[in-house]
Amino acid sequence: MRLGVTDRMSVSGNKPAATRDWLGLKKELPRRRRYLLTLSSFLLPLALWSLVSYVPWLWHPLVRVTSPGEVEAFSTGVEVPRADFERENRDALAQHFEPAQGFRVNPPYLPPPHAVGRAFFSAFRTPPRLPDEPWLYQSLGHSIRTIFWGFLLSSLIGVPLGVLGGAYRFFARLQEPFLEFFRYLPAPAFAALCVAVLGIYDAPKIAIIFIGTFFQQVLVISNTVRRVDPALVEAAQTLGARGWPLLRGVIIPGSITGIYTDMRILLGWAWTYLIVAEVVGTMSGITYFINQQARYRNFPNVYAAIAMIGIIGLGIDFVLAWIGNRAFPWQRTSRRAGRLLALSQPAPASHYRVGAVPMFRRGAVRR
Amino acid sequence: MSTPDPKTVPIRDLLPDYREQLPEVAARFARIRERPVILSIRGLEKSYGHGDARTVVLDRLSFEVRRREFLSVVGPSGCGKSTLIRIIAGLDEATGGEVLLDGQRVEGPGPDRGMVFQGYTLFPWLTVKGNVMFGLKLRGKSKKAADREAFQWLDLVNLEEFADAYPHELSGGMKQRVAIARALANEPRILIMDEPFGALDAQTRAQMQSYLLQIWKSVDVTILFITHDLEEAAYLSDRVLVMGANPGRIVELIENPVPRPRRREQFISRPFLSLKRRLAELIHADGAAEELKLPLTMRPCAEDSVE
């Protein structure tokens, strides 16, 4: 049987088509490939780190001395630059002394993955060196509390102001010029002032997070509220809505998913201010832990603590996205801002429509 | 003198004058003229700028719509038909003249003038039922009463079983039916529709037109219908308001000679064609639909002559 033109094309075109699928411009990938890529995005940096850590000839600029031989400058356990090690051994050999023995290592500030992995667990179980130092979980708890209060206070004032600014030109004109000016003032610049006014403990730290978040928050949320579809507002007006019912019934629900996404992004910013905030006054929280561990040159713990900040941040975002998906069933919020979440997504809204016959949320059909 | 051979006479010359009305049509218009005036537009004017930079969008429009009348507004793009209904709905302000609803001057939008927009303006965060209940709740109805009424209106547009669906789960035609139910639930004095079926495919549009006629028949409502589709205007309306552009003005207010009840078979009836021909003349005479010649020369490879 002769193949038609289209048949031939599809047969010969099989392989390129598969490659195209991986790199389709703005095309969603199948679920398995999404999983694979998400996994790879973590595995690739890890592989790079492992290569540098475990393959000695790639970097390993130091030599750890296992036996100093008769080289006076060395003692067991010291780490010296490779060039120094070789020079000393050359000198030793020239004078018929016993050369030192050792193996190549990376500098202590680049621990191998397994050490950091171990530190993830050991850091929690290791009691603090000084009696008045906090445990790791206490440090983390302290940090989360600081963020929580700073972000909560900022949101309690910032969200209503943002909504007002977005809904009414009056408030926008009144508040935005000043906020625009103030948001350029870096929050750390207020550190000394915060300590002078609020003391040295948690209050100035919360204030720094507040200053770092609040001004952006009002402006960002105003902007989101302003983007509510004006056609929806007009539709509501022709249905008789005005004033507070219009604000509550249309403008707020119309922008709530946007505001929610804004809040998730702003919470990320609050985390970046945390490290600055925690060095203000008495150092505290995870920053204190990181600092102490670096001072003890316990670098695996330092990396583990830094990674924990990322994991906590991502975890909170994950939970918020999950909540958002359930709180706003008419819209898949995290599809816009989703990162890792792309995996746990239900099918996009457009998948719900099959031809002209709509399919429903479970149990939504009333007969 | 011999009579011309009917086979060679162009069809349009065989059509009656669009002002010729069958007795029942004339009687119907006589009855309509006895009804009270619902909407009265008096010397409505809208312009932007001052002095030399002044652009007149609407130039002293005046007309009246009577109770339960179906009035279509057609005109070339840029003739200000959308501006006109936005002013009537209270979403824009006129620079002169007035809009009277039941003799009362209207200021700003209100529930007495329901509106169905071309774009889908259902509230995406509310279910179908929630959308229909929106206006009812604003009027202070209890949740139970609003709920019951919403179901009645959804029943009217035959979407009762979709009450708990969200708008994104509906097709375009269904969305517009919900929008109609939502507007009607407020029991407006007049229903203003701004090219409501413009975004729908031809089949759905035809279906929606017949739905609308049925709804209009069973509900006491006056309809002001904007469209650019001349057949749609001829099929649906009692009278057709033809507007011209630059500045936006009334060219003619035509009484539709097509008898009711309307059926799609009438699309090739004499009164229908005579009205359509008149509408086309008026709108094309305005220059908006002039055939534009593209400055193309035939490509050498385009061998086949298609004309």
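Buried, in this talk, means under 20% relative accessible area, exposed means over 50%, and partly exposed is in between, with a 1.4 Å probe and protein chains only. By that rule A:R226, at 30% relative accessibility, counts as partly exposed.

Some housekeeping. This is a predicted model, so local features need pLDDT of at least 70 and side-chain atom pairs count only at pLDDT 80 or more, while totals for chains, interfaces and linings use all residues. Residues are numbered from 1 along each chain as its sequence is written, chains are lettered from A and ligands numbered from 1 in the order in which they are written, and side-chain values use heavy atoms, with hydrogens and water left out.

I start with the interface. With contact taken as heavy atoms within 4.5 Å, 32 residues of chain B touch 30 residues of chain A. The two chains bury about 2,800 Å² between them, and 64% of that is on carbon and sulfur atoms. Buried area here is the accessible area, with a 1.4 Å probe, that two parts lose on being put together, summed over both. Three residues, B:W125, B:H168 and B:E169, supply 25% of the area that chain B buries against chain A, more than any other three residues.

What about charge across the interface? A salt bridge is a side-chain nitrogen of Lys or Arg within 4 Å of a carboxyl oxygen of Asp or Glu. Between chain B and chain A the count is one salt bridge. The side chains of A:E234 and B:R86 meet in a salt bridge, at 2.6 Å from N to O.

Polar contacts are pairs of N or O atoms within 3.5 Å; within protein, one must be able to donate a hydrogen and the other to accept it, and residues adjacent in sequence count only if both atoms are side-chain atoms. Four residue pairs, both residues at pLDDT 80 or more, are in polar contact between chain B and chain A.

For secondary structure, helices (H or I, at least four residues) and strands (E, at least two) are DSSP runs, numbered from the N terminus. On the side of chain B that touches chain A, the elements giving two or more residues are α3 (81–89), β6 (113–116), α4 (128–138) and α6 (172–185) of chain B. Of these, α4(B) gives the most, with four residues. That side of chain B divides into 19 nonpolar, six polar and seven charged residues. Nonpolar covers Ala, Val, Leu, Ile, Met, Phe, Trp, Tyr, Cys and Pro, charged covers Asp, Glu, Lys and Arg, and the others, Gly among them, are polar.

Next, salt bridges in general. The structure holds 30 of them over all chains. One of them joins the side chains of A:R226 and A:E176, at 3.1 Å from N to O. This pair links distant parts of the chain, 50 residues apart: A:R226 is in helix α9 (residues 202–226) of chain A and A:E176 in helix α7 (residues 169–182) of chain A. A:E176 counts as buried because its relative accessibility is 15%.

In chain B, B:D102 forms a salt bridge with B:R189, the closest N and O atoms being 2.6 Å apart. These two are 87 residues apart, with B:D102 in the loop between β4 (96–101) and β5 (104–105) of chain B and B:R189 in the loop between α6 and β7 (190–194) of chain B. B:D102 is partly exposed at 36% relative accessible area, and B:R189 is partly exposed at 35%.

Another pair is B:K276 and B:E231, whose closest N and O atoms are 2.8 Å apart. B:K276 lies in helix α9 (residues 270–285) of chain B and B:E231 in helix α8 (residues 230–236) of chain B, so this bridge ties together parts that are 45 residues apart in sequence. B:K276 is partly exposed, at 28% relative accessibility. Salt bridges that share partners also join B:R42, B:E98, B:R105 and B:E107 into one network.

How many disulfides are there over all chains? With a disulfide taken as a pair of cysteine sulfur atoms within 2.5 Å, the count comes to zero.

Last, the backbone. The peptide bond from B:N246 to B:P247 is cis, with omega near -5°, and B:P247 is in the loop between β9 (239–244) and β10 (249–255) of chain B. The bond from B:R260 to B:P261 is cis, with omega near 0°, and B:P261 lies in the loop between β10 and α9 of chain B.
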